[in-house]
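Work through the following exercises with the model in view. Each task is followed by a solution in steps.

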Amino acid sequence: MSGGFDKCLLKEFSQIREHHTKIYLDNYGHLLTWKPNEFILDIGCGSGDITHKLIYPLLPEDFQQLVCSDISGDLLEVAEIQFKGIPKVSFDILDICSELKDHWKDKFNHIFSLYCLMWVKCIKTAFRNIYSLLANDGECFLIFVDKHDLIEVVFNLLDKPKWAKFVPNPGETYPFPYRKDRNTVETIINSMKSAGFCDIRVHLETIYYTFKTEEEFLGFFKSLPNPMHLMTAEEHQEYLKEAVESARSKKIINEAGEDRKTGGFGNYVVVYAKKE
């Protein structure tokens, strides 16, 4: 079994998420329409840094409430610190693949979820629940990873028996539901139509990203769920060494400062959809 997200490292090494979130909000944020007194939900807010820096500033002054939710109470504690002293923001535990609270159904005018849905074990259930949480005419804006060289570093490590013994079911720990899908956009559109959504717009964005230093890569790598807490000190160091070697082979680490487009490859999914 792997450990969960490291709340301190997740907050410290958030540049890769912030960088692309800003781009996608700039490119597609115009799709969002705002009305007075809206309720907004952020699913999987994590440490709250992206919500605070990039989502909160989008909200109109007359919004009613922003609910920051996550499956991890530890991460929500960090998120609360980000919003200390800011009114109309609350925090609550939410597993988007589990049974919903009745008073949340049909409640939210806007739902955001940034870099969460690739970690859920049943994304079709997540889509259905997001639909249930939206009020009539409500909108969702979702960003998640389709494929990425960084997660392939993890799977390459877990292909080796000496590391696989620590994570016997890697697909459970690292779901990434579209990692091997040859037509991600079509699959998502069909799933969201089945859930009831309309006006579905799915954009597959090719990205290139490199970490400037080995330390920066390792900080982000260790912030993700991993089995290192189960290892001896020697195994721990060897695991990280092999992760760095794999990352360098995929050009995810680029200490020479070359063009980012020579670096690690990935596809991000940006989704806008509406509840009639």
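**Exercise 1.** Find which residues Asn156 is in contact with, leaving aside its neighbours within four places in sequence.

Solution. The model used here is predicted.
- Step 1: locate the residue. Asn156 belongs to helix 6.
- Step 2: list the contacts. Beyond those sequence neighbours, Asn156 touches Ser246 and Lys250.
- Step 3: check the separation. Asn156 and Ser246 are 90 residues apart along the chain, and their C-alpha atoms are separated by 7.9 Å.
- Step 4: classify the exposure. The relative accessible area of Asn156 is 32%. Buried requires under 20% and exposed requires over 50%, so Asn156 is partly exposed.

**Exercise 2.** Decide how far helix 6 is enclosed, and state what its buried residues pack against.

Solution. 
- Step 1: count. Helix 6 covers residues 149-158, and nine of these 10 residues are buried.
- Step 2: name them. The buried residues are Asp149, Leu150, Ile151, Glu152, Val153, Val154, Phe155, Leu157 and Leu158.
- Step 3: conclude. With nine of 10 residues buried, helix 6 is largely enclosed by the rest of the structure.
- Step 4: find the packing partners. The buried residues of helix 6 pack against strand 5, helix 7, helix 8, helix 10, helix 11 and strand 7.

**Exercise 3.** Repeat the analysis for helix 10: how many of its residues are buried, and what covers them?

Solution. 
- Step 1: count. Seven of the 10 residues in helix 10 are buried, so this helix is largely enclosed by the rest of the structure.
- Step 2: name them. Glu216, Phe217, Leu218, Gly219, Phe220, Phe221 and Ser223 are the buried residues of helix 10.
- Step 3: find the cover. It includes helix 1, helix 2, helix 6, strand 6 and helix 11.
- Step 4: look at the rings. Phe217, Phe220 and Phe221 belong to a cluster linked by ring pairs, together with Trp163, Phe166, Tyr209, Phe211 and Tyr239.

**Exercise 4.** Describe the surroundings of strand 5 and its pairing with strand 4 and strand 7.

Solution. 
- Step 1: the pairing with strand 4. Strand 4 (residues 108-114) and strand 5 run parallel and are joined by six bridges. In one of these bridges, Phe112 has Phe141 as its partner.
- Step 2: From strand 4 the chain passes through helix 5 (residues 123-133) to strand 5, a β-α-β crossover that is right-handed.
- Step 3: the pairing with strand 7. Strand 5 and strand 7 (residues 264-274) are antiparallel and share nine bridges. Lys147 stands opposite Asn267 of strand 7.

**Exercise 5.** Classify the ring pair of Tyr115 and Tyr268, and then the ring pair of Tyr131 and Phe197.

Solution. 
- Step 1: the setting. The structure holds 22 aromatic pairs.
- Step 2: Tyr115 and Tyr268. Their ring centres are 5.7 Å apart and the planes are at 70°, so the pair is edge-to-face.
- Step 3: their places in the chain. Tyr115 lies in the loop between strand 4 and helix 5, while Tyr268 lies in strand 7, 153 residues apart.
- Step 4: their burial. Tyr115 is buried at 8% relative accessible area, and Tyr268 is buried at 3%.
- Step 5: Tyr131 and Phe197. With centres 5.2 Å apart and planes at 80°, this pair is edge-to-face.
- Step 6: what the pair joins. Tyr131 is in helix 5 and Phe197 is in the loop between helix 9 and strand 6, so the pair ties together parts 66 residues apart in sequence.
- Step 7: a charge over a ring. Lys275 lies over the face of Tyr131, 4.8 Å from the ring centre.

**Exercise 6.** Which residues have the most contacts inside the largest nonpolar core, and what does Phe127 touch?

Solution. 
- Step 1: the core. It has 93 residues, and those with the most contacts inside it are Leu117, Phe127, Phe144, Met192, Phe197 and Phe217.
- Step 2: Phe127. Not counting residues up to four places away in sequence, Phe127 touches Leu117, Leu142, Phe144, Tyr178, Ile188, Ser191, Met192, Ala195 and Phe197.

Definitions and conventions. Residues numbered from 1 in each chain as written. Predicted model: local features only at pLDDT ≥ 70, side-chain atom pairs only at ≥ 80, totals over all residues. Heavy atoms only, no water. Core = buried A, V, L, I, M, F, W, Y, C linked by side-chain atoms within 4.5 Å. Buried < 20%, exposed > 50% of the residue type's maximum accessible area, 1.4 Å probe, protein only. Contact = heavy atoms within 4.5 Å. Helix = DSSP H or I, 4+ residues; strand = E, 2+ residues; numbered from the N terminus. Pairing = 2+ DSSP bridges. Right-handed = clockwise from strand over helix to strand, strands pointing away. Phe/Tyr/Trp six-rings, centres within 6.5 Å; stacked < 30°, edge-to-face > 60°. Lys NZ or Arg CZ within 6 Å of the ring centre and 35° of its normal.
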